[in-house]
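I opened my notebook to look up a few spots in this model. Here is what I wrote down.

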Amino acid sequence: MEKQIIRKHGISFHCYADDTQLYISTRPDETSELSKLTECVKNVKDWMTNNFLLLNSDKTEILLIGPKNNTQNLLTYNLQLDGCTVTSTTVKSLCVILDSNLSFENHISHVTKTAFFHLRNIAKLRNMLPVSDAEKLVHAFMTSRLDYCNALLGGCPASSINKLQIVQNAAARVLTRSRKYDHITPILKSLHWLPIRFRISYKILLL
């Protein structure tokens, strides 16, 4: 029934286990189109209430995406829900942090922070582990994060990609117990690791 309500408003959507994402596309000067979104969310909430379900207002987020110079007219738009104003500068979708300009700066910073946290823990154990076990830890806790949804980062500036490259370089040095100032390219080749920007291109080409 929820899907029928959303379709009635002509809004695109994705439904997950306990999460529903609504999408609407409009020109910057067509702010009236956004009223469809507000009405749709209200109708869904009313239906859920009538069926003893709860729409969690505290976890409801709205994100306006577009070029900076074209979204100024939309910045004042807010979704009203349960008397509260819903607005966000970033939202998380399947563990990917999206921002209004799709720069992915917040996402890259989060991945970098998390990866270094795990790398520091691996480094504490490195001297007690054989290479094969250390490599498994690196792949499980770090490489998986660097590669996750990395096709989205195609086109990001080199300054952003370099932050992830620093993580990979550090992981390679921990794994091979190389010195800080050893040239990294031969180390990556010995591990058969593509640099980050090539990993992104490789993923896009596979898709």
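Entry one. I started with glutamine 168, which lies in helix 5, residues 158-176. Helices (H or I, at least four residues) and strands (E, at least two) are DSSP runs numbered from the N terminus. The model is predicted, so local features need pLDDT of at least 70 and side-chain atom pairs pLDDT 80 or more, while totals for chains, interfaces and linings use all residues. Residues are numbered from 1 along each chain as its sequence is written, and side-chain values use heavy atoms, without hydrogens and water.

Entry two. Is glutamine 168 buried or exposed? I found it buried, with a relative accessible area of 3%. Buried means under 20%, exposed over 50%, and partly exposed in between (1.4 Å probe, protein chains only).

Entry three. I looked up what glutamine 168 touches. Leaving out residues up to four places away in sequence, I listed Leu146, Leu188, Trp193, Leu194, Pro195, Ile196 and Arg199. Contact means heavy atoms within 4.5 Å.

I moved to helix 7, residues 196-206, where Ile196, Arg199 and Ile200 are buried. They cover an arc of only 100° around the axis, so they sit on the same side of helix 7. The arc is that of the directions from the helix axis to the C-beta atoms. These buried residues pack against helix 4 (131-147) and helix 5. On the face turned away from the buried side, I noted the exposed residues Arg197 and Leu205.

Last, I checked tyrosine 16. It lies in the loop between strand 1 (12-15) and strand 2 (20-23). Tyrosine 16 is partly exposed, with a relative accessible area of 32%.
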